[in-house]
Amino acid sequence: MYIWKMETLQVYMQVKRKKESIISSTNEISNISSSSAAAIEEVSAVVDEQANVITLITQSAEKLKEMSQALKEAVTKFEL
């Protein structure tokens, strides 16, 4: 009976250690997932910001083109 209790206690302790290890690993995975999600959100925000800047640059380029065409027309009229 004593040997059976010792074996049962050993099995219980092994199961308890494995359970604690699984819980610890799960917590670590959760922390990594949270960090990854935060990094992805940051990258997404930067990409959105860059897209907005590109849009502004494109709009500025279009305005400069229009101004250039108007200036060419003005110079042509001045030469006449």
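Here is a short walk through this structure, from the whole chain down to a few residues. It is a predicted model, in which local features need pLDDT of at least 70 and side-chain atom pairs count only at pLDDT 80 or more, while totals for chains, interfaces and linings use all residues. Residues are numbered from 1 along each chain as its sequence is written, and side-chain values use heavy atoms, with hydrogens and water left out.

Let's start with the fold. The protein chain has 1 helix and 0 strands (DSSP runs, H or I of at least four residues for helices and E of at least two for strands, numbered from the N terminus). Its radius of gyration is 34 Å, well over the 12 Å that the globule rule gives for 80 residues, so the chain is more spread out than a compact globule (taken over C-alpha atoms; the rule is 2.2 Å times the number of residues to the power 0.38). The C-alpha trace spans about 120 × 10 × 5 Å along its principal axes.

What does that leave under cover? Of the 80 residues, 0% count as buried (buried is under 20% relative accessible area, exposed over 50%, partly exposed in between, with a 1.4 Å probe and protein chains only).

Met6 sits in helix α1, which covers residues 2-79, and is partly exposed, with a relative accessible area of 35%. Ser25 also has its place in helix α1 and is partly exposed at 37%.
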